[in-house]
Amino acid sequence: QDYLFIIIGIKMNNYSSIIDSTVNDMREEIILFIQNLVQSPSLANDENDVQEIILNKLESLQLKAEIIPINFDSIKDHPAFSDDGFSPDSRINVIGNWNEDMKGKSLILNGHVDVVPTGSITLWDDSPWSGKIKDDRIYGRGSCDMKAGLASGILAVQVLKTIGFEPNGNVMIQSVVGEESGGCGTLTNIVKGYRGDAAVILEPTSLKLCPIQSGALTFRLTIPGQATHAAMRWDGISAIEKFNIINQSIIELEKERHSLFSVEYYESPERVAPINIGTIKGGEWHSTVPDSVIVEGRLGVFPGEPVSDARTAFSNHIIKVSNSDPWLKNNPPIIEWFEGQFESGQTDIDHSIINHLKEAYNNVNNSNPIVEGVTYGSDLRLFTNHADIPALLFGPGDVRLAHSANEYVEIEEVLTCIKIISNLIINWCGE
């Protein structure tokens, strides 16, 4: 038995060396493919052009590629469905299968092509869709989150096909939409029965292994006031001032909630399930006391915490704060939960897919990876909670750059990721 493991180890080392040289030889082709993806804008509801690029790429690799239409009627009754307010029937996923008839262990490589808005163009050094190369980085909206990651999975398949490797189980590429606003793409795949023995979601994790994710619940608060002329503001009730009371209390709620939970594998125990106010709209005229403020934000959900418990904790807090103020007690804020309702999710730290990815990482870097939980919601929870598929996040890019101006991904990190995923496919799917 020991002799057998030695032989397997020798074969893996040989593959690792060939993979390394093949990826390095493909460097320019890899960069051009990612640039092509970044240069195709794919805001929510406008992803079809980039999906066509993905489809053509999968077909060029002779994968069995197919288009999966998104139809809200087929998923709206699912407990994980989030109506994101975009088209219920015009978006598409793209899937590519490699050796789907084989009976060995199968692997899903999942990534989303939808990107968030660019924000003010003036904050960007170049066009958000430039795909510019500078200082060994690829710039542009979606470069980090997460077109480079999705490309890494696709290109890992290309690398293995180039060196003549054939898996003993199916490798499924899933290019999905709707992740940023609720997960309708991956949920559609699950409802339609697309399955694997494990899934790697190629989100930007700086090549950390992340099998645990916090949840995130989108909320809207409407705070009432009482309008009057600004010259007589004492006779009115400023909704902005009332929101300020609530906002300060939410900051304290975040600290309080973190003191109640003990969660492993997070870099900071005080940064597991953040609460954030993302938008504020209040008032109609500079010389009028505002009679309404509407804010939208996200409530962090701790790993293992039921969504219903998180909502109740937030609602009870708003009631408690309102009862301490004479105006808000009789005119309480209205809470609405809408769009993305991301549960938390996790895969057992000792699951074999994690051990196989650790081995693949070590084959490439000669070191052990960091295993860490992430503070954001993702499609991971759909696999773990609703498909019983072990999943983890792993990919190139620093998530702190996601959604920011001058978003970029390091080219060397992308190349390393492709090598690791190539090794993982060999480890997991076998010959």
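Strands β10 and β11 pair in the antiparallel sense, and seven bridges join them. The model in which this pairing is found is predicted. The points below cover the sheet to which β10 and β11 belong, the helices α7 and α8 that lie against it, and then two buried residues, H112 and G149.

**The four-stranded sheet**

- Helix α7 lies across β9, β10 and β11, and runs at about 5° to β11.
- Helix α8 also packs on the sheet, where it touches β9, β11 and β12, and its direction makes about 155° with that of β12.
- With 22 residues (239-260), α7 reaches 31 Å from its first C-alpha to its last, which is close to the 32 Å expected at 1.5 Å a residue.
- The buried residues of α7 include A239, F243, I246, I250 and L253, and among them are also K242, S249, R257 and H258.
- These buried residues of α7 pack against the strands β9 (215-224), β10 (275-282) and β11 (292-301), and also against the helices α8 (307-323) and α9 (326-330).

**H112 in strand β3**

- H112 belongs to strand β3, which spans residues 107-112, and H112 counts as buried because its relative accessibility is 1%, under the 20% cut-off.
- The side chain of H112 makes a polar contact of 3.3 Å with the side chain of D145, and another polar contact, of 3.5 Å, joins the side chains of H112 and E203.
- Leaving aside neighbours within four places in sequence, H112 is in contact with D145 and E203 as well as with M146, V176, E179 and E180.

**G149 in helix α5**

- G149 is placed in helix α5, which comprises residues 143-162, and G149 counts as buried because its relative accessibility is 0%.
- When residues up to four places away in sequence are not counted, G149 touches L202 and P396.
- The C-alpha atoms of G149 and I201 are separated by 8.4 Å, although these residues are 52 residues apart along the chain.

Methods. Residues numbered from 1 in each chain as written. Predicted model: local features only at pLDDT ≥ 70, side-chain atom pairs only at ≥ 80, totals over all residues. Heavy atoms only, no water. Helix = DSSP H or I, 4+ residues; strand = E, 2+ residues; numbered from the N terminus. Buried < 20%, exposed > 50% of the residue type's maximum accessible area, 1.4 Å probe, protein only. Contact = heavy atoms within 4.5 Å. Polar contact = N/O pair within 3.5 Å; in protein donor to acceptor, adjacent residues only side chain to side chain. Expected span 1.5 Å × (residues − 1). Pairing = 2+ DSSP bridges. Axes fitted to C-alpha atoms, helices over the stretch in contact; angles between N-to-C directions.
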